[in-house]
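Okay, thanks for having me.

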Amino acid sequence: MPQKDAYYCEVPRDPCVIVLFGASGDLAHRKLLPALFDLARHDCLAPRFRLLGFARTHMSDDDFRRGAGEDLPKGDGAGAGAQDGCRESFIKQLEYFTGNYDDPESYRRLAQRLESLDGEAQLAGNRLYYLATPPDVYPHIIEQLGKAGLAKPKSEKSWTRIIIEKPFGHDGASARDLNQRVLSVFEESQVYRIDHYLGKQTVQNLLVFRFGNGIFEPLWNRNYIDSVQITAAESLGVERRAAFYESTGAMRDMIQSHVLQLTSLVALEAPAAFDATSVRNEKIKVLQSIRPFTGEMIRKQVVRGQYGPGTVNGSPVPGYRQEPGVSPTSATETFVALKLLVDNWRWSGVPFYLRTGKRLARPMTEVAIQFKDAPHLMFRGENLQPNSLVLNISPDEGISLSFGTKSPGAQMHIHPVTMDFRYREAFGGASSDAYSTLINDCLRGDATLFDRADSVEAAWGLVDPILDAWKNAPPPFPNYPAGSQGPAAADDLTASDGRHWRAL
């Protein structure tokens with residue numbers, strides 16, 4: 001039987017067919033099929049659904065089911081039998097379709113297959129297309145879906161939606177072109193541009209934390225907050241993604257999408273309602289309020305880096321240029337740190353420090369709010385630490401608040417302490433996977449945590465001047481050893497303001 005204890009899935013759960021483009025690829029097998037199974041075993045998929053994998057690789061339905069079965073968790077412990085039963089039931093709903101992404105005949109056959117599935121499983125004409133292919137294939141799939149008449153809902157009571165993975169474009173011009181192509185076939189209300197970071201529990205809890213409680217919102221402004229740090233650090237290298245990463249880099253891969261998304265959620269004003277339109281309206285206002293980067297600002301407020309050989313978790317690792325598939329003279333950045341200023345009433349003068357990097361000391365994604373010192377320091381001689389609020393996004397989701405308290409004894413000595421909240425400890429078990437959360441939202445038609453066309457283009461508008469400035473300026477790479485805190489220049493970025501990065 002499906003479980004309902006880990007997280008709650010709202011109704012309605014409409015019957016539908018999910019067409020997974022790129023079904024033979026790494027993303028589909030490593031993330032998406034397990035996420036969909038997670039929804040199924042927690043009763044978040046409708047009893048009537050089908051998943052149709054679409055890829056160029058030739059295989060049968062049974063081949064696809066066997067491969068998918070290898071990626072899904074097997075039951076253990078007291079609930080092993082129930083989970084294995086749900087697993088087998090889920091696998092039976094999987095089917096496969098071999099086709100070429102730019103071939104009209106493939107989409108004519110796809111239309112026939114979807115009609116057949118609608119009739120067999122009574123799916124009411126509801127369809128979700130998930131693009132888990134390389135980005136250069138997106139335009140072909142979108143164009144062919146439009147030409148085959150598969151982009152419009154079958155009836156007034158049915159729906160058709162499309163999920164598009166990042167990266168959404170390579171720069172501002174390509175993002176605008178892709179948006180035009182998408183919106184020439186689909187309505188904006190049908191389009192779900194996914195960023196899996198926004199499915200994490202702590203990221204979603206930002207809105208609840210700020211607007212569902214009366215404690216912190218009055219302090220969430222320039223009068224009380226000294227600075228904001230947003231960190232997305234990895235200890236891993238490029239792994240098997242060298243070909244992708246060489247043409248992308250940390251700025252495109254992380255800052256333009258994940259980190260700016262987090263920035264907009266931290267800084268947005270209170271939405272009129274908790275719905276997609278209201279929340280996304282406030283997010284775009286933040287991006288539009290960030291001070292554009294001039295040449296002088298890029299030189300002083302942006303740092304890039306590339307890791308060299310070093311040690312991670314006690315083991316020696318190669319530098320980026322020694323990774324398989326990477327040019328020995330590569331100028332691709334694996335680290336970015338920058339300082340943003342949000343020019344609006346709430347945040348004027350409050351610096352936002354953003355950083356992301358590979359092969360750093362440890363994996364950690366967090367948002368750290370540092371509050372201003374008390375206006376009058378009564379306890380002179382004490383080494384008072386600033387109060388801070390830290391939202392831990394990964395690996396251990398939760399929230400920490402640090403403040404000073406008197407240590408035991410006759411003397412007045414102040415010691416910093418931390419109050420911790422952890423999702424796992426508070427609610428038990430693991431929280432829902434980010435992909436599970438977002439796919440569930442899409443199936444219910446809730447676009448709150450998905451990106452909109454204007455937001456994507458605004459984010460590219462911020463990073464394009466930086467990328468352009470870097471084109472003709474060869475960097476002194478490598479400039480930080482693997483397993484370190486990053487380039488020394490990143491420390492100078494905060495030190496010049498009298499601040500410092502939180503240790504990784």
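The axes themselves are lines fitted to C-alpha atoms, for helices over the stretch in contact, and the angles run from 0 to 180 degrees between N-to-C directions. Helices (H or I, at least four residues) and strands (E, at least two) are DSSP runs, numbered from the N terminus.

The housekeeping: this is a predicted model, with local features needing pLDDT of at least 70 and side-chain atom pairs counting only at pLDDT 80 or more, while totals for chains, interfaces and linings use all residues. Residues are numbered from 1 along each chain as its sequence is written, and side-chain values use heavy atoms, with hydrogens and water left out.

So, helix H6 and its partner. How do the axes of H6 and H14 cross? They come within 9 Å and cross at roughly 170 degrees, so H6 and H14 are roughly antiparallel to each other. On the H6 side, Gly 172, Ala 175, Arg 176, Asn 179 and Leu 183 meet Ala 453, Val 456, Glu 457, Trp 460 and Asp 464 of H14; contact here is heavy atoms within 4.5 Å.

Now H6 by itself. Which residues of H6 are buried? Gly 172, Ala 175, Leu 178, Asn 179 and Val 182. They cover an arc of only 125 degrees around the axis, so they sit on the same side of H6; that arc is taken from the directions from the helix axis to the C-beta atoms. Buried, by the way, means under 20% relative accessible area, exposed over 50%, partly exposed in between (1.4 Å probe, protein chains only). Their cover includes helix H5 (138-147), strand E5 (160-164), strand E6 (191-193) and H14 (453-471). And Asp 171 caps the N-terminal end of H6, with a side-chain oxygen 3.3 Å from the backbone nitrogen of Ala 173.

Compare that with H13, residues 434-443: 10 of its 10 residues are buried. The cover there includes strand E1 (16-21), helix H1 (26-41), strand E4 (127-131), E5, E6 and helix H7 (201-211). At the start of H13, a side-chain oxygen of Asp 433 reaches to within 2.8 Å of the backbone nitrogen of Tyr 435. Just after H13, Gly 445 takes a positive phi of about 80 degrees.

On to loops. Gln 306 sits between strand E8 (302-305) and strand E9 (307-308). Is Gln 306 buried or exposed? Buried, at 0% relative accessibility. Its side chain makes a polar contact with the side chain of Arg 321 at 3.1 Å. (A polar contact is a pair of N or O atoms within 3.5 Å; within protein, one must be able to donate a hydrogen and the other to accept it, and residues adjacent in sequence count only if both atoms are side-chain atoms.) Beyond four places in sequence, Gln 306 also touches, among others, Tyr 320, Thr 332, Phe 477 and Tyr 480.

Gly 214, in the loop between H7 and strand E7 (225-233), is exposed at 66% relative accessible area.

Technical notes:
Angles under 35 degrees count as roughly parallel, over 145 as roughly antiparallel, 65 to 115 as roughly perpendicular and the rest as oblique.
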